[in-house]
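Open the model in your viewer and keep the selection panel at hand. This tour goes stop by stop.

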Amino acid sequence: MALIDTHCHLDDPAFDEDRDEVLARAREADVEAFVVPSITLERIPAALKLAERYPGIYVAVGIHPHAASTFSFEALAQLREWARHPRVVAIGEIGLDFYRDLSPRASQREAFRAQLELAGELGLPVIIHQREAQEAVMEELERWAAAHLGARGILHAFSGDAVMARTAAAWGFLLGIGGPITYPRAEALREAVRAVGITALVLETDAPYLPPQPYRGRRNEPAHLRIIGETVSRILGLSLEHIAEHTTRNARLIFRLPEP
């Protein structure tokens with residue numbers, strides 16, 4: 001059985017003391033590949049070094065909405081250059097966050113649109129962050145998908161309802177399902193998973209954030225991806241092996257990852 005963690009911040013300082021051990025535990029839990037999305041320009045070189053050092057690690061380059069006030073056309077040019085790296089598989093994580101509003105909303109939209117266009121230009125998928133900005137994000141994605149044939153991406157830490165899930169899936173997007181699927185009050189998320197089924201799902205941890213229920217309040221890590229897969233298997237009434245097979249295939253296809 002093989003699992004892919006489509007969203008984990010292995011470059012985070014939370015892993016500086018035991019990164020090798022974290023990766024070893026992940027391998028023991030059948031996690032064979034990892035996608036590390038960017039938050040700021042400053043952290044991208046470190047993420048690329050991880051991908052060069054460890055087999056199975058890939059990188060997405062982008063500016064998170066929290067850092068959107070730092071976006072510029074110079075930054076966009078730097079992202080375009082980094083995107084040529086052979087271990088870069090996506091643009092992300094990008095999007096809108098109207099919950100924390102750490103960057104002005106106008107700046108968030110400008111950065112989001114420019115990075116969507118970059119992804120379309122390069123033929124790369126996008127990894128989308130959305131918090132309290134569902135309608136605005138869907139407006140931008142609808143416009144982008146209509147303008148770019150084959151546009152594709154993942155709605156990271158999906159938190160929408162079944163209607164949003166079906167709409168996103170119809171546009172060719174996948175739902176990133178992580179630790180919150182295990183929370184007792186996440187019935188709306190579980191219903192969204194049932195609404196689209198296994199063909200529109202990938203698994204993620206968002207490590208070191210959003211740990212699954214047994215580890216809430218502690219650092220998350222990719223080895224916990226198996227717990228998320230087991231939860232999805234119970235929701236859909238399918239075996240863990242079936243969940244692993246399909247979500248891994250979905251991840252390989254969207255990121256164009258090589259077979260192991």
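What follows is a walk through a predicted model, from ring pairs to cavities, pockets and backbone details.

**Stop 1: an aromatic pair**

Select Trp144 and Phe173. A search of the whole structure finds two aromatic pairs, and here is one of them. The ring centres of Trp144 and Phe173 are 6.3 Å apart, and the planes meet at 50°, so the pair is tilted. Now colour by secondary structure. Trp144 belongs to helix α5 (residues 134–147) and Phe173 to strand β7 (residues 173–177), so the pair ties together parts 29 residues apart in sequence. Are these two residues buried or exposed? Trp144 has 2% relative accessibility and counts as buried. Phe173 is buried too, with a relative accessible area of 1%.

**Stop 2: charges over rings**

Select Arg87 and Tyr58. The charged end of Arg87 sits over the ring of Tyr58, 4.7 Å from the ring centre. Next, select Arg216 and Tyr183. Arg216 lies over the face of Tyr183, and the distance to the ring centre is 3.6 Å.

**Stop 3: the cavity**

The largest cavity holds about 40 Å³ of space. Which residues line the largest cavity? Select Ile128, Gln130, Leu155, His156, Ala157, Phe158, Ser159 and Met164. By class, this lining has five nonpolar, three polar and no charged residues.

**Stop 4: the largest pocket**

Switch to pockets. The largest pocket has a volume of about 840 Å³. Its lining numbers 32 residues, and the closest to the pocket centre are His129, Arg131, Ala157, Asp206 and Leu210. Show the secondary structure again. At least two lining residues come from each of β4 (88–97), β5 (126–131), β7 and α7 (187–196). The lining of the largest pocket divides into 12 nonpolar, 11 polar and nine charged residues.

**Stop 5: Ala157**

Stay on Ala157, which is in the lining of the largest cavity and among the residues closest to the centre of the largest pocket. Where is Ala157 found? Look in the loop between β6 (153–155) and α6 (162–170). Phi of Ala157 is near 50°, a positive value in a residue other than glycine. Most residues other than glycine have a negative phi. With a relative accessible area of 23%, Ala157 is partly exposed.

**Stop 6: Arg256**

Jump to Arg256, in the segment after α9 (240–255). Arg256 is not a glycine, yet has a positive phi of about 55°. Its relative accessibility is 61%, so Arg256 counts as exposed.

**Stop 7: two cis bonds**

Check omega next. Most peptide bonds are trans. Select Gly92 and Glu93: the bond from Gly92 to Glu93 is cis, with omega near 5°. Glu93 is in strand β4. Then select Ala207 and Pro208. The bond from Ala207 to Pro208 is cis as well, with omega near 10°. Pro208 has its place in the loop between β8 (201–203) and α8 (225–236).

**Stop 8: Ala29**

End at Ala29, in the loop between α1 (19–28) and β2 (31–37). Ala29 has 12% relative accessibility, under the 20% cut-off, so Ala29 counts as buried. What does Ala29 touch, leaving aside residues up to four places away in sequence? Select Leu3, Ala223 and Arg226. Draw a C-alpha to C-alpha distance from Ala29 to Leu3: the two are 8.5 Å apart in space and 26 residues apart in sequence.

Definitions and conventions
Residues numbered from 1 in each chain as written. Predicted model: local features only at pLDDT ≥ 70, side-chain atom pairs only at ≥ 80, totals over all residues. Heavy atoms only, no water. Phe/Tyr/Trp six-rings, centres within 6.5 Å; stacked < 30°, edge-to-face > 60°. Helix = DSSP H or I, 4+ residues; strand = E, 2+ residues; numbered from the N terminus. Buried < 20%, exposed > 50% of the residue type's maximum accessible area, 1.4 Å probe, protein only. Lys NZ or Arg CZ within 6 Å of the ring centre and 35° of its normal. 1 Å grid on protein atoms, 1.4 Å probe; cavity = no way out; pocket = protein on both sides within 12 Å on 5 of 7 lines; lining within 4 Å. Points joined across faces, edges and corners; volume = space filled by probe spheres on them. Nonpolar A, V, L, I, M, F, W, Y, C, P; charged D, E, K, R; others polar. Contact = heavy atoms within 4.5 Å.
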